[in-house]
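Subject: Structure for you, with notes

Hello,

Here is the structure I promised.

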Protein chains: 4
Amino acid sequence: MTHLGLYALQHRGQESAGIAVSDGEDVVCHKGMGHVNEVFNADVLDKLHGEIAIGHTRYSTAGETDLRNAQPLTVSCQKGQVALAHNGNLVNAAVIRRELESRGDIFQTTSDTEVLLHFFARSKQTGVPESLADALDRVTGAYSLVALFRDSVYGIRDPRGFRPLVLGQLGDSWVLASETCAFDLINALYVREVEPGEMVILDRRGITSLRYSPPARTAQCVFEHVYFSRPDSLVFGRSVQESREQLGRRLAREHPVEADCVVGVPDSGVPAALGFADESGIPLKLGLIRNHYVGRTFIEPTQANRDLGVKLKLNPVRSLIAGKRVVLVDDSIIRGTTSRQIVRLVREAGAREVHVRISCPPTISPCFYGIDTPTRRELIAATHTIEEIRQYIEADTLGYLSLEGLREAAGDCDDRYCLACYTSKYPTAVQEPLLALRNRG
Amino acid sequence: MTHLGLYALQHRGQESAGIAVSDGEDVVCHKGMGHVNEVFNADVLDKLHGEIAIGHTRYSTAGETDLRNAQPLTVSCQKGQVALAHNGNLVNAAVIRRELESRGDIFQTTSDTEVLLHFFARSKQTGVPESLADALDRVTGAYSLVALFRDSVYGIRDPRGFRPLVLGQLGDSWVLASETCAFDLINALYVREVEPGEMVILDRRGITSLRYSPPARTAQCVFEHVYFSRPDSLVFGRSVQESREQLGRRLAREHPVEADCVVGVPDSGVPAALGFADESGIPLKLGLIRNHYVGRTFIEPTQANRDLGVKLKLNPVRSLIAGKRVVLVDDSIIRGTTSRQIVRLVREAGAREVHVRISCPPTISPCFYGIDTPTRRELIAATHTIEEIRQYIEADTLGYLSLEGLREAAGDCDDRYCLACYTSKYPTAVQEPLLALRNRG
Amino acid sequence: MTHLGLYALQHRGQESAGIAVSDGEDVVCHKGMGHVNEVFNADVLDKLHGEIAIGHTRYSTAGETDLRNAQPLTVSCQKGQVALAHNGNLVNAAVIRRELESRGDIFQTTSDTEVLLHFFARSKQTGVPESLADALDRVTGAYSLVALFRDSVYGIRDPRGFRPLVLGQLGDSWVLASETCAFDLINALYVREVEPGEMVILDRRGITSLRYSPPARTAQCVFEHVYFSRPDSLVFGRSVQESREQLGRRLAREHPVEADCVVGVPDSGVPAALGFADESGIPLKLGLIRNHYVGRTFIEPTQANRDLGVKLKLNPVRSLIAGKRVVLVDDSIIRGTTSRQIVRLVREAGAREVHVRISCPPTISPCFYGIDTPTRRELIAATHTIEEIRQYIEADTLGYLSLEGLREAAGDCDDRYCLACYTSKYPTAVQEPLLALRNRG
Amino acid sequence: MTHLGLYALQHRGQESAGIAVSDGEDVVCHKGMGHVNEVFNADVLDKLHGEIAIGHTRYSTAGETDLRNAQPLTVSCQKGQVALAHNGNLVNAAVIRRELESRGDIFQTTSDTEVLLHFFARSKQTGVPESLADALDRVTGAYSLVALFRDSVYGIRDPRGFRPLVLGQLGDSWVLASETCAFDLINALYVREVEPGEMVILDRRGITSLRYSPPARTAQCVFEHVYFSRPDSLVFGRSVQESREQLGRRLAREHPVEADCVVGVPDSGVPAALGFADESGIPLKLGLIRNHYVGRTFIEPTQANRDLGVKLKLNPVRSLIAGKRVVLVDDSIIRGTTSRQIVRLVREAGAREVHVRISCPPTISPCFYGIDTPTRRELIAATHTIEEIRQYIEADTLGYLSLEGLREAAGDCDDRYCLACYTSKYPTAVQEPLLALRNRG
């Protein structure tokens, strides 16, 4: 079941995968580099006995690409065995780690998650929930956590709720996942989100909910709706697909253009393109085809893969594009290099005009909460005007969605989203060492 | 280059892959079970030296799933070394093979392709083109072939032109491929199709074209346009994507329905859905999401995978579907089981009505020319009325495109398509042993 | 059982391994590059159902290092399915192959074994034994064969009996193997050798013996006793270990020397060293230690491995050797490079004198019957006097066993051995093309 | 170089292998389950840049069979990055670990080695040598350690010197290894042992020697000479091969017998057999042949392998044994099951009498210092008389070497060996929890 869930969440991380199970006595963990279907096979799954389990797919936002950093992290301490899987990124991990090291702690990974385990083990509290709360009190940043103990699973979401975490029910059992699409696959019913600042405990007695932190102003990652989540998921209680269509509709109203067809950049740009087409009355064309036998552009960790990949992944349909004025709808411009390659592809296929429309505002700041954006220096919109970007990507016109438009399309009536990548207003302090670390990256 | 081309053609076969190269002296071949990225790595490619090469991705329409049957087949004979890759299926291979065996030939594979090599080797002709023509004269059926010799590559298409084969140019070099999308990836220019009954010879002197067979009435596989080819390819000189949109438009005219949204079954049903939506005025919704981390349904060889896979691959977007009257557009109903599962998925996601529209006529006959359709007994439309099928798949209404509609949408002005799977009128004799063989399958 | 047998015979070939089984209906074969434990695992063995089977481990004496050449070769022909495994080497394969090719046959391997299958398939005889006899009549050279048909296993030994083939019994079943050590492992009883020119047929009715060829003068490979076979085997009806001890004894008598200790080059030189020590009264010391985590020197196919390996494999025991006059006993000097490296090793470990004794005569001619000796040009003894060899290998003295001594020690009372590698007197015509082929090698 | 060294030391551990290197900046580690040639390949080695390195081959004496426990263990702490490889076993690790856990430390492995890293990181000392000394002061037991820091390698041997650790020189560089055979392979010169209680520091300045612990009575593992070390090594300053021959000689004097031949159980029993033969005048015969394509009996961790393996590994030479009175010389009887199987093998090969001689005293106590002996309950000599053992293994007579004989043969003039497995007199306190742990095992 956990294994199937990881298949459904493969898009969230393709570098490594792992599952930890407990049979009530021992916590056993298997993890490896690669996709879920490479890490697990029948033999491996056979050895993972037990009634409770957690799993993780990872892509590296913090810590190097390395088997050591694959999750769940599994340790033994005075509070027993614990396996921990972490979605998000702590912003004070570097400082904390230095503190812990100066007190004599040793670190076997380079991931930010390991500090949590140190705090947990060292907590003076005796109960597991109290010790976890104690540990969480020491860290700042984004964390949706699942933790496996001998006889219980914990689900925890940070007080600002950066990353999603949902609770579902399957018969008498409770399940947790990053996105509801994992529930759909295993026929579990979506119940609700784990609330920001909430800790849920799943064990033989059922579910217990605790608030380990007072309410804070939420800061849910809007980029989950723009790009990261699967469109068939409910994220932060809202359909991702619907958000994307709305983004496209708003975009059509904000940046209308005379054109012959609307083409979305697959896969994530297509829903916004559909909204744009519907709103503008310009016909949608499936003018770019994606070769799905190659992985996802954004997510793979090395620079080399990023550049090499565009042609392998996208191919224009010349007959639909040739001689046409094309509106190209995409979800973001990061460095600008990929966008330029796509514009060129479309132009080489005969497009008369290429009008680029982006379904969010310019990305001007890196994310410190778990999305692998590059440093500010590399973000084209951090240092260039929109006109300069337009020239760089060789588009005839370029339009970004406004911040207001984004919030409205994502249903943000009450200012609950983190918009830092578009505004540079980080919802938490972002400590210098971490910024430095990122800038070195 | 050949390796990249195979990536672009991965959708045509996922069971095995192979490349043969010649350095002017020796023909060397590497092949293995699995996807292109599993079969080849830097080490393997380093060992494949040479200036000319052919490649192949295979899924088993004839012969067992077995490394022996992976292509290119490579043999040595009195006419030198030859590597042969075959797209399509010979219809008289079983009879011929028995004949050849009775004359004392031995067979090391169970594929139909091997008989061609026997005829070639045994030909009394001395030249390679003449010997190939001699061999081809003995076989009937579908074959688009590429053959690698020490210092030349041959491209051959059967007289009826069942399967595609295109010729392109890259700088001073000539290239051959099943679909133009392979040219796009390597920046080669599409020149023309290899004609039915034509043999092109690519060598140091350039290109030579021969007619090894008198013109026959062509019988190009319409299913390439309906489902099999990549939408960004030109196939038989026509854009696949455009055909699919037209299929959807015709379908909307032939089987109109009152509904709230049109949903295509990804990936192949989406273009027809777009055409349907556009023609009918009912809005298109991306209401089914495909998980691309799992392979393609139709193509994998065992029954087990087929049934297990639907939920892993498709997930409905509840928010778009709930309470709606949905038109579900797909490209075919084979056994009916997958269609039923999809209808159920959509209904469980809250659809009020589900109207299934199929962008081709009922599939009533197996293909003997290279598409892996099941036997007639397993084809639901061979033995059931449309109303029975509708009940079986649990749809509110069901509409198939007419044969006339299909031909028109695929641009068939001059009756050049093979429509046997919809009409049972096979363009060649289909010898009993083969039929028997298939029916046993 | 076959799988276990291959473990026992791993020393005969480490390049590839394969097993073919028949369940009475179909012959299924699995083979791969590498050692038996790499090629087979539980999954693979599970798929090899049936009651009769043959297996093979191969090292390349004829044909390239390539999966295509792995055995058993499995084909289908008018006489049904047949899998064939061949120990030995045909001397007229190249000529025959050219003949067969000129008649139109195709070859999918580069091994000499494939010609046999062509002759078999093409035989005008109708019965299997007759067709086999027909085929064997066409070839000359060394062949111990096992052939698997739907419901029978054949064991065949060439009329001169170059290579061993033994018959055993296990309960009601009959078994065949190259050496008796395979019988020991599966608790089968050794019955007798398959006779030169004999064909045994094992099927449901038991065993049938046929003579497919009139008796010829036998030419059993003496090198099986000197080096190739496992010492715990009976080969040609005689204990290998005993032969080796006798070789050492004779050697001590023929080439006595004053020394402090006798050291055998492991593994194959140790039994002769023991005989030498016993006969001479000089104490045996285990002064060279072999690291068994690396493979066998002689048998691996590339030049690079040969040179790199000596230090990885052999290490002197300084305390036993330092200051001593050492008799170093080995089974052959091929190129001289390895011997020189060993002499140096021993001298660097402090030996005062190094007296090399070889338990056979100088190797002056290549083998065409299945032992992978290099070409004549590379054989140091073919072109150098013994004194020159002594200088080259840097030994104080060097003594080879006499031909007479070899024959006597190997129990050759009636001139039944092939001694061609020591005498250049080949028991068969060795056709020019093959010699040429070898010399090109 | 480190990689080659691991090949030479493969016999010391076959479960996992690892290498850590430092390029002066970063410590990078690669490790995996399996033999050295499975864990490392050209690609992996290419990525391990640097000028200093340590390596390890592991078999599990403490901690489970698990990749987590593979060594070197690599951590980062306030004292920088450190990689640690440990030969031996701490006897107070379980107690200490509980203490550390109660203070809040977390453990990511189940190996005893991890506690050392915690103590090191937590030490109040600032220098690395002082911190290491501090850490070592807290642990008891057997440890020969190599530790890699950014710019130095440390070699440390526990005050009793249980396990070997030798220092060598290669050009201007210093090298450390468990046995001298690793030096031989890389052409390094043996300099001396690292002394018990000594810490050597190898860095750019050369070598520095420190005494971190006052001299204790040494307790060098005699079993290294009896069985564990490679015979071509110097261990504790003495040739292993020579020790084994002496063991055989003493054995012949202590337990003479009338017999026809002496047969050693390969590989480790052969040197003692040679000594026995030489001393007794009974001729040595290589009457048992080992198949080296299967691994080493004693060292593989699961029970299943142990029982299955004997026939795969050993085969008698019937012609040497049949009708003979055989003296079978082996290095130990652990559970008795293997010995019984070997006696039966020899008898089935026709031996008239089988006299077993063991080149050490009865093994009555488990080892807590790094040899993987089973629990006392499983040790046949712990609970049975010699006569009972003789009956169990079905020998005609059975003789063990005396303790006095062992010490003398191993050159123990000054009582410097640990003989606990034969005497139950452990040189250190062996804390209850550990004993309990072992007894649970």
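How many bridges join β16(B) to strand β19 of chain B, and do the two run parallel or antiparallel? There are four bridges, and the strands run parallel. Before going further, please keep in mind that this is a predicted model.

**The strand β16(B)**

β16(B) covers residues 261-264, and β19(B) covers residues 325-330. Within this pair, Val263(B) stands opposite Leu328(B). Both faces of β16(B) are covered. Cys261(B) and Val263(B) are buried on one side. Val262(B) and Gly264(B) are buried on the other. The general rule behind this layout is that side chains in a regular strand alternate between the two faces of the sheet.

**A hairpin in chain B**

Next, look at β8(B), residues 166-170. This strand pairs with β9(B), residues 173-177, through five bridges. The two run antiparallel. Leu170(B) has Ser173(B) as its bridge partner in β9(B). β8(B) and β9(B) form a hairpin, with two residues between them. Gly171(B) sits in the turn and has a positive phi of about 60°.

β8(B) also pairs with β10(B), residues 189-193. That pairing is antiparallel too, over four bridges. Here Leu167(B) has Arg192(B) as its bridge partner.

**A helix in chain C**

Now go to α6(C), residues 128-136. Which of its residues are buried? They are Ser131(C), Leu132(C), Ala135(C) and Leu136(C). Seen down the helix axis, the buried residues of α6(C) fall within an arc of 135°, so they line one face of the helix.

**A leucine in chain D**

Leu284(D) lies in a loop of chain D, between α10 (270-280) and β17 (288-290). Is Leu284(D) buried or exposed? Leu284(D) is buried, because 24 other C-beta atoms lie within 10 Å, and 20 or more is the cut-off for that label. Ala273(D) is eleven residues from Leu284(D) along the chain, and their C-alpha atoms are separated by 7.1 Å.

**How chain A meets chain B**

Turning to the contacts between chains, start with A and B. A rotation of 180°, with 0.0 Å of shift along its axis, superposes chain A on chain B at an RMSD of 0.1 Å. That is the relation of a two-fold axis. In chain A, the C-alpha nearest the axis belongs to His292(A), 3.2 Å from it.

The contact takes 32 residues from chain A and 32 residues from chain B. On the chain A side, the elements that each supply at least two residues include α1 (2-8), α7 (180-185) and α9 (240-254). α10 (269-280) and α11 (303-313) are also among them. α10(A) gives the most, with four residues. By class, the chain A side that touches chain B has 18 nonpolar, eight polar and six charged residues.

**How chain A meets chain D**

The same surface serves both copies, as 100% of the contact residues of chain A recur in chain D.

This contact takes 15 residues from chain A and 15 residues from chain D. β4 (73-77), α4 (93-102) and α5 (114-122) of chain A give two or more residues to the side that touches chain D. The largest share, four residues, comes from α5(A). That side of chain A has six nonpolar, six polar and three charged residues.

**Chains that do not touch**

Chain A and chain C do not touch, and their nearest C-alpha atoms are 11 Å apart. Chain B and chain D do not touch either, with nearest C-alpha atoms 10 Å apart.

**Domains**

Chain A is divided into domain 1 (2-216) and domain 2 (237-413). The C-alpha centres of these two domains of chain A lie 33 Å apart.

Best wishes

Conventions. Residues are numbered from 1 along each chain as its sequence is written. Chains are lettered from A and ligands numbered from 1 in the order in which they are written. This is a predicted model: local features need pLDDT of at least 70, side-chain atom pairs count only at pLDDT 80 or more; totals for chains, interfaces and linings use all residues. Copies are superposed by least squares on the C-alpha atoms of residues with pLDDT of at least 70 in both. Two residues are in contact if their C-beta atoms, placed from the backbone, lie within 7 Å. Ala, Val, Leu, Ile, Met, Phe, Trp, Tyr, Cys and Pro count as nonpolar, Asp, Glu, Lys and Arg as charged, and the others, Gly among them, as polar. Domain bounds come from an automatic or database domain assignment. Two strands pair if DSSP finds at least two bridges between them. A residue is buried if 20 or more other C-beta atoms lie within 10 Å of its own, exposed if 12 or fewer, and partly exposed in between; C-beta atoms are placed from the backbone. The arc is that of the directions from the helix axis to the C-beta atoms.
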